[in-house]
Amino acid sequence: MILEKLAGEFKLRQSQVESTVALIDDGNTIPFIARYRKEATGGLSDVTLRELEERLIYLRNLEARKEEVVRLIEEQ
């Protein structure tokens, strides 16, 4: 769901988002991805990659917070 949302927001192909997120999750830095992994990202700029990473972190944190709130409500 998060990957689909990112693809829609940034108007990218699903495959671009999936491969970019995989590279970020593997611990690669944005400058490294922008310079050496253009084939995987479809040539995304470092600015777009950085914005995508920031949005990814935000959406993951939001999802974790939602799950925490649901858990706390269920405990009551």
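Contact here means heavy atoms within 4.5 Å. The model on screen is predicted.

**Stop 1: H1 against H5**

Select helix H1 (2-10) and helix H5 (46-75). On the H1 side, show Ile-2, Lys-5, Leu-6, Glu-9 and Phe-10. Their partners in H5 are Thr-48, Glu-51, Leu-52, Arg-55, Leu-56, Leu-59, Arg-60 and Glu-63. Coloured by class, this contact shows six nonpolar, one polar and six charged residues.

Now draw the two axes. Those of H1 and H5 come within 11 Å and cross at roughly 140 degrees. Angles over 145 degrees would count as roughly antiparallel, so H1 and H5 are oblique to each other. The crossing of H1 past H5 is right-handed.

**Stop 2: H1 against H2**

Which residues of H1 and H2 meet? From H1 come Leu-3, Glu-4, Leu-6 and Ala-7, and from H2 come Gln-14, Val-17, Glu-18 and Val-21. This contact divides into five nonpolar residues, one polar and two charged.

The axes of H1 and H2 are 9 Å apart, and the helices pack at an angle of about 120 degrees. Roughly perpendicular covers 65 to 115 degrees, so this pair is oblique as well. Here too the crossing, H1 past H2, is right-handed.

**Stop 3: the loop between H1 and H2**

Move to Lys-11, in the loop that lies between H1 and H2. Check the backbone: Lys-11 is not a glycine, yet its phi is positive, about 55 degrees. Is Lys-11 buried or exposed? Its relative accessible area is 73%, and the cut-off for exposed is over 50%, so Lys-11 is exposed.

**Stop 4: the nonpolar core**

Next, select Leu-6, Val-17, Val-21, Ile-24, Leu-49 and Leu-52. These residues touch the most other members of the largest nonpolar core, which has 15 residues. In soluble globular proteins, nonpolar side chains tend to be buried together.

**Stop 5: around Leu-49**

Which residues does Leu-49 contact, leaving aside neighbours within four places in sequence? They are Thr-20, Ile-30, Ile-33, Ala-34, Thr-41 and Leu-44.

Terms used:
Residues numbered from 1 in each chain as written. Predicted model: local features only at pLDDT ≥ 70, side-chain atom pairs only at ≥ 80, totals over all residues. Heavy atoms only, no water. Core = buried A, V, L, I, M, F, W, Y, C linked by side-chain atoms within 4.5 Å. Buried < 20%, exposed > 50% of the residue type's maximum accessible area, 1.4 Å probe, protein only. Helix = DSSP H or I, 4+ residues; strand = E, 2+ residues; numbered from the N terminus. Axes fitted to C-alpha atoms, helices over the stretch in contact; angles between N-to-C directions. Parallel < 35°, antiparallel > 145°, perpendicular 65-115°, else oblique. Left-handed = near helix turned anticlockwise from the far one by under 90°. Nonpolar A, V, L, I, M, F, W, Y, C, P; charged D, E, K, R; others polar.
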